[in-house]
Amino acid sequence: MSRGDQPDLSDLFGRFLLSAAAEAASSGTRSNDYETLNRDVSMLLKGNRAKSIEKREEIAQQMIVKSPAVEDAKKYAKANLNFKLAPDEIHLRSLILNLTDSSASFCRHVAESGYLELVLEELKLPALCQTKLDRNGDAKEHIHFNFVYNAFSIVFNCLFHYPRTKQILNGYLRNSRSLESIITHLKTAKDERMQTVIVMVLAETGRFEKIPDNQDAIEKCIKFALTHVLEPAREKESEGETSMFSVDQILHSLKAIAKNVFYAEQLVKLGIFDTMRKILPPNEQFGDCVTKICLLMLLQISFTSSQELKDNRLLMKQVKALQSLQSTPEISEAAKGILLSVDESSNEQSEKFPVSNEVMISYCQTDQTLAFKLKDALLKGGINVLIDAKKMLGTAVEKMIEGVQASQIIIVLVSEAYSDDEYCRSEATYAHKLGKKLIYALAEAELDTCGWMEGMMGDELFYDVAARFERDTEKLVHRLKNLLK
């Protein structure tokens, strides 16, 4: 089949479903059908990416409704846990990889099926862990390489397209042995692509703080990602292999890496600002999605490298131009957040809004119900509370500035969602920069890590309003009254 001959989707799926759904079909026969379907789906990758995504989404929707593919993959994975790797599973896994690459709905289907946990469990197999996998090795090693690489790529695709995947995998990754097997693969992998996709998975799941002694490997992967981030845009539709990941996927992982203070500084040293200058408008090669990710990454980096960012005048000129982009408010807000973060006159602005509130609650939208419950309890205890800035005039960033400046004490409602949110970090960092008193209340039980907040907190005590609301709220009210005397 030539590149110009795209397979007919109705015929393609008809062929697949007739045999795949047949009760009498053997696993070998079914595997052959998955191999055929995957080959045809792979052909879609050779053409225009936008059209390819549209067609793969159509196939993905059909598979969710009619196909036993994910259930078959789970059966393979469970069989493999008995230390018998099934080579035929490669075709099915490659098919799932191709579809998770572009379909958010298929990623949701895969993530919520329990398949990802089985995929990660397979990676503990001695045959996969004890070998330094190399895609240029012998036939057996090549099969094993593809098996592991596809496994991590499927997990990454689900993390990228379906954010709830992170929460789904949290329980599994709390098991130290599960995390150790992933780190083992990072240490033993020879191939830069393999190392990079593993680092991207660790970054997207927020596990960087749990990785000991892997600085060299992670820096190597950051360099590799920065080198290849512009590659997809340079490809011609009819030439060459498709890139490992799209521009927005690579940038999204670099943004997640930038949440770690040390690696945010490393990104600066390795030239992230030069890369951003090539991607951001006035370059019209990339869309709004990529621009937004770039700005949110710069916002993350600005918390630790504000002076370096401010000194890069050409990049700051691009950011300033984007703050007035009325057609895309999210881009405008991200640009304003960056400008706020690098503004050395922030302390001088502290008199702009006089203090009129005793306490402000800083929270993530995910924790809104608990935030308002806490507000009611504080009001009942006689504390004047600001929680919603809707009545304030201006943009979201301007409302945040006014809310923080006008409050004596900031209560940070700590959760994983808060730690992951760039705007929440901007609010807490801005309050810290102004010298406001920050008090921390847990909004989530069994929180693994507070990420960037840990350095800000010092020895400050938590108030566990998630698990012990009544008791800890009473303690919080008592402390606030003492501080406000």
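Tutor: Two strands pair if DSSP finds at least two bridges between them. The model discussed here is predicted.

Student: Which residue stands opposite Ile409 in S4?

Tutor: Strand S3 (residues 407-414) pairs with S4 in the parallel sense, over six bridges. Within S4, the residue opposite Ile409 is Lys437.

Student: In S5, what is the bridge partner of Tyr440?

Tutor: S4 also pairs in the parallel sense with strand S5 (residues 462-463), over two bridges. In S5, Tyr440 has as its bridge partner Phe462.

Student: How many of the six residues of strand S4 are buried?

Tutor: A residue counts as buried when its relative accessible area is under 20%. Strand S4 (residues 437-442) is largely enclosed by the rest of the structure, because the number of its six residues that are buried is five.

Student: How many disulfides does the structure hold?

Tutor: A disulfide requires a pair of cysteine sulfur atoms within 2.5 Å. The sulfur of Cys158 has its closest cysteine sulfur in Cys107, at 4.2 Å, and is therefore too far away for a bond. Cys107 is buried, with a relative accessible area of 0%, and Cys158 is buried, also with a value of 0%. For the structure, the number of disulfides is zero.

Student: Is Thr291 buried or exposed?

Tutor: Thr291 lies in helix H18 (residues 288-302). Not counting residues up to four places away in sequence, Thr291 touches Leu280, Pro281, Leu322 and Ile331. Its relative accessible area is 2%, which is under the 20% cut-off, so Thr291 is buried.

Methods
Residues numbered from 1 in each chain as written. Predicted model: local features only at pLDDT ≥ 70, side-chain atom pairs only at ≥ 80, totals over all residues. Heavy atoms only, no water. Helix = DSSP H or I, 4+ residues; strand = E, 2+ residues; numbered from the N terminus. Buried < 20%, exposed > 50% of the residue type's maximum accessible area, 1.4 Å probe, protein only. Contact = heavy atoms within 4.5 Å.
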